[in-house]
Amino acid sequence: MQPADLHALYPENPDRNRPDMNPPAKIVCNHIWKIFGPNPESTLKGLDRALTRAQILEQTGHVVGVRDMSFRVEQGETFVVMGLSGSGKSTLVRCLHRLIEPTAGEVLIDGEDVTRMKESELIELRRNKMSMVFQHFGLFPHRRVVDNIAFGLEIRGAGKPERTEKAMEVLEMVGLGGWENHYPRELSGGMQQRVGLARAMAVDPEILIFDEPFSALDPLIRREMQDELLSLQKRVQKTMVFITHDFLEAIKMGDHIAIMKDGETSQIGTPEELVASPADDYVREFTEDVPRYKVLSVGKVMKAVSSVNLNDNPVVKESAKLDTLIDLASDSAVPLAVVDSEGQLVGEINQSMMLKAMNSKS
Amino acid sequence: MSLTRNLKVGFVALCLAGFVVSLAVVSNVEEVSSFPESISEPFEFEQWVNDAEDWLKKNFRWFTRLIAGGIEEALYFVEDFLADSPWLFILMLLVLPALAYGGLPLAILALVGGMFWGAVGMWEASMQTLALMGMSVILSVIFGVMLGILCSQSDRFEAILRPVLDTMQTMPAFVYLLPAVFFFGIGGPPAIMATMIYALPPVVRLTNLGIRQISHETIEAASSFGATRVQMLFKVQIPMSLPSIMLGINQTIMMALGLVVLATFIGAEGLGAEVWKAISKLKVGWSLEGGLCIVFMAILFDRLSLAMGRPKDRIPVNSIPFHLLPQSWDARPWAVAVERVIGMFWNAVASLFGLLVNGLARAAGKVAGVFGRYRGRQVHAFIANRLFLFGSLLFLVAMLLYEWLGPGIGAYPESMRIGIRKPIDEAVMWLTVNPAFTAFTKGMRSVIYLYMLHPLDTYLTHLPWYVVVIVLGIVSWVSVGRNFGMACIALLIFIGAVDLWAEAMLTLSSVLVSVMICFLFGLPLGIAAATSRRFDMLLRPVLDAMQTMPSFVYLIPVLMFFGGNIVSAVIATVVYAMPPVIRLTTLGISQIPVTYTEVSSSFGGTTLQTLRKVRLPMALPSIMLGLNQAVMMALAMQVVTPLIGGGGLGREVFNALNTSNTGYGLAAGTGIVLLAIILDRLSQAWTQTQRKALGG
């Protein structure tokens with residue numbers, strides 16, 4: 001499934017980056033800080049907000065893992081956190097279910113503040129609401145595949161017949177039927193991550209967290225797994241938080257992407273927003289490798305016109321990606337007419353406009 | 001550069017001059033140097049300890065009795081079970097697990113070993129040793145795993161326990177016997193207490209290590225699913241560290257066996273007692289029988305516990321599984337033929353027991369089915385999936401039924417006794433009158449005594465005590481540090497104050513001579529093993545076997561060939577302490593990256609030059625570690641060698657244990673421990689220096 005299709009499923013919400021403006025989202029993070037070191041709280045209190053991460057380390061001996069991050073994740077969407085290693089993205093998602101304790105800020109899941117939860121409530125949350133897929137799979141070598149998958153159910157206290165049945169069902173879903181009695185070490189990397197995915201799915205979580213799930217895999221296997229996850233997501237419609245250091249993976253998987261640098265957000269937006277209007281050079285550098293015709297839609301590159309006579313020209317939708325129009329545009333001697341979702345004419349686009357838009361240096 | 005060079009030359013010259021002067025002094029002194037009585041007279045360590053023991057006996061007897069009594073009850077129970085059960089039943093209790101975990105070769109080893117215990121008439125003694133060992137190992141494992149888990153959960157607890165474990169592992173085994181006698185008297189219970197504590201460290205360490213080395217991600221995965229701390233421990237951490245824990249148990253078993261055999265000194269029964277009785281009567285054949293029983297036990301339990309910790313490897317589906325011979329031989333037709341026959345037999349037995357177990361599973365499933373269909377199916381599957389376990393249980397139950405209802409099996413039959421003591425005694429007799437052989441042993445004895453042991457001993461004992469103290473103090477200061485230098489002087493003065501100066505010097509010279517000879521032979525052997533693969537393959541199993549054997553066993557062959565005297569003690573020590581020297585030399589040389597030797601040969605260096613200028617210097621840290629281990633093992637051996645004529649502190653410990661003079665024993669034992677601490681720290685410091693010099 002291409003990002004284009006996903007966008008059809010999730011209409012845009014212009015205020016989505018303003019946590020206070022919207023009805024309760026699935027996950028809302030407000031001003032999350034994570035500081036590592038002997039006295040994180042007092043360090044944060046006395047912190048000069050103008051300092052950079054390196055300066056803070058030098059002056060206080062504390063490492064800033066996450067710096068004042070706010071974002072929201074809607075029900076059923078895939079939210080990607082993208083950043084290079086050391087940018088704090090793994091730390092950030094671990095703050096969501098407090099595998100790492102955030103130093104400050106609040107995490108609302110279905111409106112409930114995770115940071116204020118008691119240990120027992122937290123365990124309930126982890127058991128029922130969210131589960132996680134790990135970079136190096138995190139499978140238990142002493143358990144067979146089926147017992148690995150049933151782990152979450154077992155922890156929850158489900159009986160053996162029930163959890164075995166569920167585990168087998170999920171095993172089929174990830175395409176590993178017949179491997180239930182093997183041990184993880186007997187499986188290839190791709191298969192192991194399928195087990196990791198199945199283990200996370202088995203507890204029927206509302207939220208799935210993926211911590212660079214595919215970066216330990218070969219490129220071909222990686223693409224296959226990405227496609228499968230996309231089609232799976234189409235069926236199950238979970239809320240997903242997905243970490244990656246690969247920008248191409250981010251724009252392929254994400255409905256929204258947060259780009260992190262040094263523990264801070266550089267930019268949050270849809271893939272198209274990032275590509276079309278990168279907030280800074282850091283983001284722009286990532287977008288340079290991107291095949292822009294796959295990301296940009298006509299609406300972003302067209303020339304707005306209102307009442308010109310384009311009635312005889314071929315008509316395309318505003319939301320269509322450029323790559324779907326290449327054939328049409330090359331065969332057409334006249335500009336294409338662009339209409340919005342209601343069929344109203346909004347603009348025109350011709351070959352040279354498309355070519356210019358594809359040039360990343362523009 | 002030249003200044004440091006001059007300093008070095010000057011230093012060496014100074015040392016040489018000092019040595020020459022000391023030689024001159026010693027050769028003019030007639031008397032053995034004695035520690036001033038003004039210090040040793042009021043320092044009545046022995047008396048104090050014995051008084052304390054009396055006081056303890058008077059006031060806390062009820063408490064120690066309580067513990068000792070409980071252990072004694074349990075021990076008698078286990079001992080009676082092992083000794084009174086039909087011998088075949090006990091043998092199968094060993095053979096079946098061996099078969100399950102180690103396959104046919106290990107099962108055969110178990111069978112032969114067990115039969116040997118009976119064949120030489122030491123079934124009961126073996127059972128006693130087994131009971132002592134089993135009890136101590138079980139206690140060690142229980143406490144060890146608990147401590148290990150605590151260590152893994154709390155960094156603070158680990159920080160407290162670690163130095164304790166470190167110290168415990170440098171102490172020679174017998175040291176644990178002395179306080180055991182002090183608190184619990186003599187017999188089985190103190191032996192078990194001592195062994196339990198002595199054998200504890202590896203389980204604690206490896207449990208802790210096993211849990212701590214679980215990857216962070218695995219732990220995170222478990223907590224991301226909402227595992228509580230208890231669930232984490234029992235569902236993830238402990239199961240995942242089982243292989244590591246098993247390795248710890250393996251080491252614990254070997255240590256326990258070593259000390260249980262030695263515990264005959266404090267009145268424990270068993271194989272050790274047999275060997276001791278035999279040695280003290282100079283019955284070589286008898287002692288060899290006992291020794292071989294111990295060796296079989298050691299090898300069997302070593303292999304079995306290792307096999308239990310190993311993950312089972314799966315044999316590729318389309319190949320014939322090899323039961324007896326190594327799988328790599330499947331290119332040889334005769335091996336395949338042999339295996340086919342074994343396989344047929346195996347299949348026949350398996351299908352017979354398969355029928356029986358399936359019957360049992362169905363019956364049990366029916367019974368359990370009363371409580372619900374699922375439960376019934378579960379029980380059925382549980383039994384049917386464990387063919388070997390339930391087959392073995394059926395077999396064992398059948399044996400017991402035969403014993404109780406049928407004609408019975410009873411004790412090991414007299415008709416199957418094949419003692420080897422007679423032929424051995426005759427062979428030894430023949431050897432000892434053989435002029436060539438006596439010439440050889442006599443020659444070796446006199447060389448070691450006249451040119452090594454005697455001069456060194458005379459030198460050390462005739463040198464004024466304060467010279468020895470000061471020189472060792474300075475060496476410690478320079479090698480380790482000021483604090484240790486001071487401590488070293490204090491420790492040596494303690495040895496003098498308890499009136500054991502001459503004995504300590506004798507022990508020191510025996511140890512030094514033994515270690516010297518160890519290196520004389522061990523170094524070339526180690527080099528040879530590093531350069532020749534074939535030689536290494538040959539040597540490896542020998543060293544493996546040597547390292548599983550308790551120190552006690554080494555006395556027997558030496559007694560056979562050299563008789564009982566102080567040189568025999570040195571020879572036994574040499575043999576015992578040699579394996580680590582060889583091992584670590586080989587290891588040190590073979591782990592040098594090939595690049596370095598290639599550089600040397602590319603410049604036209606000969607093999608010998610490469611060895612001398614590149615490989616040996618780079619292997620030095622490892623070789624120094626070998627020195628450290630050899631010294632520690634040689635010291636540990638000092639308590640055992642008095643049995644065949646060794647002298648020094650060891651003999652004093654030995655005599656004190658025999659006469660139940662705890663105070664004296666503790667004084668002499670402490671003397672050995674203090675020497676151990678000094679020599680250990682010194683040789684470790686040298687190893688460190690070498691390592692640093694290589695930038696490690």
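Mentor: A salt bridge is a side-chain nitrogen of Lys or Arg within 4 Å of a carboxyl oxygen of Asp or Glu. This is a predicted model, in which local features need pLDDT of at least 70 and side-chain atom pairs count only at pLDDT 80 or more, while totals for chains, interfaces and linings use all residues. Residues are numbered from 1 along each chain as its sequence is written, chains are lettered from A and ligands numbered from 1 in the order in which they are written, and side-chain values use heavy atoms, leaving out hydrogens and water.

Trainee: Good to know! Which side chain meets Glu220(B) in a salt bridge?

Mentor: Across the interface of chain B and chain A, the rule finds two salt bridges. In the one formed by Glu220(B), N and O are 2.5 Å apart, and the partner is Arg94(A).

Trainee: How much area do chain B and chain A bury between them?

Mentor: Contact (heavy atoms within 4.5 Å) takes in 20 residues from chain B and 33 residues from chain A. Buried area is the accessible area (1.4 Å probe) that two parts lose on being put together, summed over both. Carbon and sulfur atoms account for 62% of it here, and the total is about 2100 Å².

Trainee: Which element gives the most to the side of chain B that touches chain A?

Mentor: Helices (H or I, at least four residues) and strands (E, at least two) are DSSP runs, numbered from the N terminus. The elements of chain B that give two or more residues to the side touching chain A are H10, H11 and helix H15 (373-384). With seven residues, the one that gives the most is H10(B).

Trainee: How many residues of helix H10 of chain B are buried?

Mentor: Take buried as under 20% relative accessible area, exposed as over 50%, and partly exposed as in between (1.4 Å probe, protein chains only). The buried residues of H10(B), including Glu217(B) and Glu220(B), pack against elements of chain A, among them helix H4 (89-96) and helix H9 (189-202), and against helix H11 (229-262) of chain B. Of the nine residues in this helix (216-224), the buried ones number eight.

Trainee: Why does Tyr282(A) count as buried?

Mentor: Tyr282(A) lies in helix H13 (residues 281-287) of chain A. Leaving aside residues up to four places away in sequence, Tyr282(A) touches Leu84(A), Ile259(A), Met260(A), Lys261(A) and Ser266(A). Tyr282(A) counts as buried because its relative accessibility is 19%.

Trainee: What phi does His31(A) have?

Mentor: His31(A) sits in strand E1 (residues 27-36) of chain A, and its relative accessible area of 47% makes it partly exposed. Phi is positive, in a residue other than glycine, and near 50°.

Trainee: Where does Asp204(A) lie?

Mentor: Asp204(A) also takes a positive phi, near 50°. This residue is partly exposed, with a relative accessible area of 47%. Its place in chain A is the loop between H9 and strand E7 (207-211).
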